[in-house]
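Thanks, everyone. Please bring the model up on your screens. I'll start with the aromatic rings.

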Amino acid sequence: MVESNSEKAGNNSDKHDVEKAFTNGSGGRRSLPGIKAGFEQAIELCGYGKFHYVLLAICGLVSTSEEMDVISMSFILPSAQCDLNLNTKSKGWLNSIIFIGMMVGAYFWGSIADSVGRKKVLIVISFMNGFCIVASSFSQTFECLGGSGPVIWSYFAEFQPKAKRGCMLSFMAAFWTFGNLFVAGLAWLIIPTNIGFVTSIFTYNSWRIFLMVCSTPSFLVAFLLFYLPESPKFLLSKGKPDRAMAIFRGIFVTNNKKSPDLYPVAELDFDEKLMQELKEKRESLKGKYTKMLSNMAEHSKELFRRPILKFTIVSITINFTFHIGYYGLMMWFPELFSRFEEYSNTFPNQTAGVCIVTEYIVGKGNQDNAICSAHIPSAVFMESLISLASALPANLIAILGMDWLGRKFFLIFGTMTAGVCSAAMYFVYNSTQNLIATAVFSGAISTANAALDCLITEVFPTHLRATGVAVSMVAARMGGIIGNIVIATLLDQYCPAPTIIVAVLLIGGGLMSLFLPNTTRKELN
């Protein structure tokens with residue numbers, strides 16, 4: 001791609017970038033258009049076209065691969081319970097283990113991304129994510145399963161003009177839904193089969209092959225990311241306007257199919273005093289890794305100083321409460337579908353609430369002569385697909401309305417609707433009612449998730465954005481861990497508690513967004 005070549009030129013030397021930027025194809029000098037522009041004007045003058053759509057496709061696939069890594073565990077639970085000797089509590093830990101890896105990875109990689117760049121970190125993360133999933137498929141005990149964390153939102157947002165940022169971030173959030181649907185379809189296609197092999201010392205059956213297949217998108221996007229440039233917003237924050245200019249020209253050429261000479265920006269406007277202070281600070285440190293570690297520590301400290309402190313605390317709180325519901329409850333949907341299906345097959349003409357169904361399943365499992373069965377009825381996969389597909393129209397509404405109604409509207413409306421659905425699950429009395437409640441929950445929570453991703457990505461300044469998002473993701477993963485463990489503990493012993501707790505946390509967390517500034521159609525700080 002043209003833009004990647006431009007970035008490569010910038011990586012060789014800033015001097016070469018300047019010469020390339022102001023030289024025409026025959027080697028002669030061209031006249032400057034005389035426009036000095038800031039980032040927002042520079043990215044707007046690039047036009048919106050092919051580059052941004054390719055960027056969306058690749059970044060969306062990164063998002064899809066991450067969600068596949070997470071949600072695949074929820075389909076493994078019913079099928080792996082015999083291989084790994086899982087009860088409800090250990091299933092909760094299995095769901096949580098992946099969040100532990102992602103929690104550590106989110107902060108580590110996010111901090112590095114604010115020091116060395118978004119693109120390099122994304123490539124490393126994608127390769128590591130793929131290898132982790134492959135390793136998980138060979139694991140013979142559930143303690144070995146794990147994952148890693150994201151930087152993609154900062155990278156994608158920093159290529160978007162303010163007029164389209166909310167729409168395009170919502171579009172990328174829709175790729176999480178695509179990941180959910182892809183996983184559900186793969187699970188239905190692979191897990192019920194008898195493919196694989198079993199020996200006295202090693203087992204590699206269908207759910208392990210399913211995991212192996214789920215690793216493919218991670219490896220694919222790792223290679224595709226090589227064709228994208230570094231974030232020009234990040235380069236400007238590091239005092240490298242010549243490299244940023246080369247990338248802007250590459251985007252202009254890709255979108256408009258015109259000569260780079262016609263790009264109307266001659267100079268990029270940035271805070272030279274701030275850049276000089278950063279340069280002096282970097283030069284005072286000896287060694288590449290010393291600089292990187294110092295930057296990581298300094299960025300983390302800045303997040304907990306005024307005036308950023310308020311945004312950090314609110315962001316952490318929202319992400320923690322939101323993801324207790326999002327991952328804590330949503331990852332148990334296939335398990336709930338499986339329980340309702342087993343109960344209805346045993347008592348075909350009876351209706352029962354989730355607590356009665358759970359009491360029956362737990363009692364049956366505690367019997368001395370109980371036989372473990374890893375069979376998952378097709379209805380479970382069908383119901384999972386329907387509930388996950390309900391997020392598609394919700395994502396479409398978010399894409400069309402995010403820059404019109406705003407981030408806070410969708411976040412509050414989505415969390416309140418999801419909270420009501422969570423509480424309503426206690427009152428369902430058959431699998432159909434359960435499916436309706438989970439489908440509405442899935443749609444509402446997906447809309448709120450798109451708004452949350454937009455809001456948290458935009459609220460932090462550029463030089464702290466990846467670290468700020470990373471710290472928020474740490475809170476999100478902690479919410480996923482605690483949510484899964486708490487639900488696993490309470491579901492079988494204090495049945496109504498999980499749905500009520502999730503409802504209160506979702507509604508409360510959504511209302512916390514009122515303490516954050518309005519970022520709709522505003523420039524990235």
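A search of the whole structure, which is a predicted model, turns up 19 aromatic pairs. Take one of them, Phe333 with Phe441. The geometry is edge-to-face, at 5.6 Å centre to centre and 75° between the planes. This pair links distant parts of the chain. Phe333 sits in helix α16, residues 333-346, and Phe441 in helix α21, residues 431-459. They are 108 residues apart.

Buried or exposed, for Phe333? Buried, at 3% relative accessible area. Phe441 is buried too, at 0%. Elsewhere, ring pairs join Phe51, Tyr155 and Phe159 into a cluster.

Now the core. The largest nonpolar core holds 135 residues. Phe441 is among those with the most contacts inside it, along with Phe75, Phe210 and Phe248. Which helix gives the most to this core? Helix α4, residues 50-80, with 14 residues.

Phe381, Ser384 and Leu388 bring us to α18. That helix runs over residues 378-389 and has 12 residues. From first C-alpha to last, α18 reaches 17 Å, close to the 16 Å expected. Its buried residues are Val380, Phe381, Glu383, Ser384, Ser387 and Leu388. Seen down the axis, the buried residues of α18 fall within an arc of 165°, so they line one face of the helix. The general rule is 3.6 residues a turn, so residues three or four places apart point the same way.

Next, backbone exceptions. Most residues other than glycine have a negative phi, and most peptide bonds are trans. Lys257 has a positive phi of about 55° and is not a glycine. Lys257 lies in the loop between α12 (241-256) and β4 (267-268), and is exposed at 77% relative accessible area. The peptide bond from Arg306 to Pro307 is cis, with omega near 5°. Pro307 is in the loop between α14 (288-303) and α15 (308-330).

Last, the segment after α23 (496-511), where Glu523 lies. Glu523 and Phe39 are 484 residues apart in sequence, yet 9.1 Å apart in space, C-alpha to C-alpha. Setting aside neighbours within four places in sequence, Glu523 contacts Glu40, Lys162 and Arg165.

Notes: Residues are numbered from 1 along each chain as its sequence is written. This is a predicted model: local features need pLDDT of at least 70, side-chain atom pairs count only at pLDDT 80 or more; totals for chains, interfaces and linings use all residues. Side-chain values use heavy atoms; hydrogens and water are left out. A nonpolar core is a set of buried Ala, Val, Leu, Ile, Met, Phe, Trp, Tyr and Cys residues joined through side-chain atoms within 4.5 Å. Buried means under 20% relative accessible area, exposed over 50%, partly exposed in between (1.4 Å probe, protein chains only). Helices (H or I, at least four residues) and strands (E, at least two) are DSSP runs, numbered from the N terminus. The expected span of a helix is 1.5 Å times one less than its number of residues. The arc is that of the directions from the helix axis to the C-beta atoms. Contact means heavy atoms within 4.5 Å. Rings of Phe, Tyr and Trp (its six-membered ring) pair if their centres lie within 6.5 Å; planes under 30 degrees apart count as stacked, over 60 as edge-to-face and the rest as tilted.
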